[in-house]
Structures are given as structure tokens and as C-alpha cells.
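Hi,

Here is the structure I promised to pass along.

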Amino acid sequence: MSRSTSHFTPLESSQQALEWIMSDTLSPDAMNTLSLDTLHAFRDYVNPGFLEYRKSVTAGGGYGAVEWRASGPNTLLDVQGNEYLDCLGGYGIFNVGHRNPTVVAAVEKQLSKQPLHSQELLDPLRALLAKTLAALTPGNLKYSFFSNSGTESVEAALKLAKAYQSPRGRFSFIATHGAFHGKSLGALSATAKPMFRRPFMPLVPGFHHVPFGDIDAMKQQIVQCQRNGEGIAAVILEPIQGEGGVNLPPQHYLPAVRALCDETGALLILDEVQTGMGRTGKMFACEHYGVEPDILCLAKALGGGVMPIGATVATEEVFSVLFDNPFLHTTTFGGNPMACAAALATINVLLRDKLPEQAARQGAFLLSGLQRLAAAYPDLIVEARGLGLLQAIEFRENEIGYAFASELFQRRVLVAGTLNNAKSIRIEPPLTITHEQCCRVLQEADRALAKLRAVQVEDAKPKPINMEFALQ
């Protein structure tokens, strides 16, 4: 029987945690204790609301599947020993797979030498990572600011654009409906979903949203702003909207946005936090459209699924506003040695193992199969869409999408919805997913859809009338 966490002293609680951390295996009693303590601690000390949204938690809240370890590049084990095929990828962080040996080895070696930098001496890995990103990223992108997350990388991009454009009298931003750029106040001002924005109003002023993929709407918004004497500092876009439901733009859209920015003097910020690092079949999604940004935001997979790290990469002209005073925007932990070691190893693995090319190949096979399923189940599915291994199935109703994800969970395949589009279920596995595992995803998806259709048919049947009740 598990004791409530409140009965533990901080020393006892931390000691118990260390014992679990240092354990490679768990006894049946330890499995049960860890499961119950995790469930109760989420309820009492993290946020009970999370338990309502986890497919791994039973309806009564009495049991929840608890992660234990990675069992392979593309699979996870829970504490009960159940293995799951990961088609969620931590919302896009495991591009090089779980516990990639090259990334883990680099981080472990750096950990044994120096986990964090002194803040005074020059830290070599930050310099080497910035140099590597300058060679990797498209166009004239050159200088990098390192942070700890995608939201932070967007915040840095917005501040950089403001610092560059404020002497030119340009202060406003154009973003798009369906966009997701993070949830800190600046990034949230660019994020579109009202549910996330409303409790924190007023947000940072000067943000305007237009339909994604509609260049005419963007032109009209810029004209309107100019008539009001409002200069546009930057346009901020995801090349492919991730949390919006994996929305691909028309082929001409990004080049037209680039031309519009050049015409009006606005900067182009591309948020590739989710689409970058090989996810779409090229190292960066903007390469599919031949577009080079002024500022590029990276995170998620940059740390190889081992360390959190974000990067804001800009041209020398734009970044130079920080040259005179590099302390205008800083972070204590951004660009720390272990995070930089992970990022450098990740880039090496992506290039060495040709993982962007593998994402294109496996993604084309998987998407073709999902589109065949969409055609076979038009009563349930609107469409399947995506690029590389960033894919989504859009269902006709939110409830169908959630039921599909829950059914796949029971079949030990992890998928989940997107934050800004509840009808869309993302399929976002590590780029290391095998052909055989893609076949399994399609097979289990087919079985799940067949079950959902059968349930719908049964629910639609006329129910017998309770004559005893009717005669009363």
C-alpha cells in the first residue's frame, strides 16, 4: 500500500526518487508504488487537470500508465512492462530516436567534464554550435542566440525584430490564424487560439492575425496598417502549421510572403521549432519552398531528445543590433555545455544517417497509407495530410479523433491531438521509424477505425421502446 506523498519528509521523498532513478528494473510492488505515487502526485501537486486529458488514465482516475524507459529508438515501456510504438515523438523532439547513442554519449562525456559554464570564460561548445548552425541553415543566417525552449526562441526573435525595426518606426507584427508560437506573453501574442489568449489579456500590443496561406489577406492587412501609420516590424510564420493541425500552405505562399516582406521592409521570422531538423524530409521546411528567413527559430529536436535547447538564428544585419550591448537579451542556462553537446551530436547524426531523406521516404509511404484509410472511412475522416513525418488525420468530429487516439493507445501506439485543432490527430514518430513499424501503424489504425465505425453503426440503430414506461 502506497503512503500519501504528504507523509514523506523532503529527504525521504527525494531519497525514494533517487532509488527509482538508480533502478534498472522494478519489482511488482515497486511498480505498483511508483504508479500510484505518480498518479497521486499529479493530482495533488502538479495539476489534477492533466489527469482528465491523459488517455493513459482510467475513467475513474484509479490507474494511470506511467513511463519507465525507452526500449528502443522508436518505442517506450511503462512501469508495467507494456511497450508502445511512439508516433507522437514528444511533440516532435525525438527526431533521432529515443536515447540516440551518439547524443547520449556526447552529453554523458560533457557531464563528466563540466555540466554548466562559468559565465565568464568563453564556452567552446556554444561557439562551435553557432558556427555549425551558420553552415547548416539556409541563406545568410549567421549569428545564434541560444535558449532553453521553442517559446524562448520565439521571444528572442520578436525582441530582435523590435530592436532592429524600432529605429525605422516599425513596431507591429503579422501572424496567422491557427498559429502556435508558444505561451509566454510575447509568443502568446503571436499564437492564435483564443482559449490560450483570453485569460492573459491584454497581451503585447501590435499583433495582427490573418488567414494562413492567404497572401491577399496579408497584403490587405499590411495596407491597412500602413494607412493607420503602423509600420510592420516582421511577419512570423510556421512554414507548416503544426499545432494548427499540420496545415500545408499553397506552394506559392511562402515565396509570396518573402517578396512582400522585401517590398515593405518587414522581416520574415520562420518558426521551425517543430518543422526543423529533418522532420519534413528536408533539414528545414522552408527549403521545400526555396525561402530564406531573416530570423529562424529552432528547438524541440535540436536537443536530440536528450537536452532542452532553443536557438534563434539571424542574419548579421539583423543580429548586429545586439553587438554593442550583448546583455540586452540573455539567459542563464541557454547554450549550456550539455545542451550544446546534445545539439552538435544531433546535427551530426541527422547528416551522417541521412535522416531527413529517411523522413521523406518513410513519410511518403505512411501518408499514402493514411490517405487510403481516409478514402475508406469518409464517414469518420475528412482527410490525411502532411509532409515527411509530420502528418495528421483530420476527423469529422472532435470526439471521433479522441476515440481514435484512445483506441490506438489500447493497441500500444501513441498518437495525440494538436493544440489548436482538436479534430486533428498528429502522427509524428521519430525519423528512425522503420518500414515495418509504419506498416504496423497503418494496420492498427485500420483496426481502430473499423471498431469506431462499428460502434457508430450500433449507436445509430433504433432503440426498442420501453413499453412499460410508454404506457404510464
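Contact here means heavy atoms within 4.5 Å. With that cut-off, 31 residues of domain 1 are in contact with 38 residues of domain 2. Before the rest, some housekeeping: this is a predicted model, so to speak of local features I need pLDDT of at least 70, side-chain atom pairs count only at pLDDT 80 or more, and totals for chains, interfaces and linings use all residues. Residues are numbered from 1 along each chain as its sequence is written, and side-chain values use heavy atoms, with hydrogens and water left out.

On the domains: domain 1 is made of 29-52 + 77-99 + 355-459, and domain 2 is 101-353; these bounds come from an automatic or database domain assignment. Taken over C-alpha atoms, their centres are 27 Å apart.

How much area is buried between domain 1 and domain 2? About 2,700 Å², with carbon and sulfur atoms giving 57% of it. Buried area is the accessible area (1.4 Å probe) that two parts lose on being put together, summed over both. On the domain 1 side, Leu387, Leu390 and Asn420 lose the most area to domain 2, together 25% of what that side buries.

Which elements supply at least two residues each of the side of domain 1 that touches domain 2? They are helix 4 (89-92), helix 14 (355-376), strand 11 (381-387), strand 12 (390-395) and strand 15 (421-427). Helix 14 gives the most, with five residues. Helices (H or I, at least four residues) and strands (E, at least two) are DSSP runs, numbered from the N terminus.

Now a couple of single residues. Gln165 sits in helix 7 (residues 150-165) and is buried, at a relative accessible area of 0%. Buried means under 20% relative accessible area, exposed over 50%, and partly exposed in between (1.4 Å probe, protein chains only). The side chain of Gln165 makes a polar contact with that of Arg170 (3.2 Å). Leaving out residues up to four places away in sequence, Gln165 touches Arg170, Ile232, Ala233, Gly265, Ala266 and Leu267.

Val104, in helix 5 (residues 101-113), is buried as well, at 11%.

Finally, some backbone geometry to look at. Most residues other than glycine have a negative phi, and most peptide bonds are trans. Met201 and Pro202 are joined by a cis peptide bond, with omega about -5°, and Pro202 lies in the loop between helix 9 (194-197) and strand 6 (207-210). Val246 has a positive phi, near 55°; Val246 is in the loop between strand 7 (231-237) and helix 11 (253-264) and is buried at 1% relative accessibility. Lys300 also has a positive phi, near 40°. Lys300 is found in the loop between strand 9 (295-298) and strand 10 (310-315), and counts as partly exposed at 25%.

Cheers

Terms used: Polar contact = N/O pair within 3.5 Å; in protein donor to acceptor, adjacent residues only side chain to side chain.
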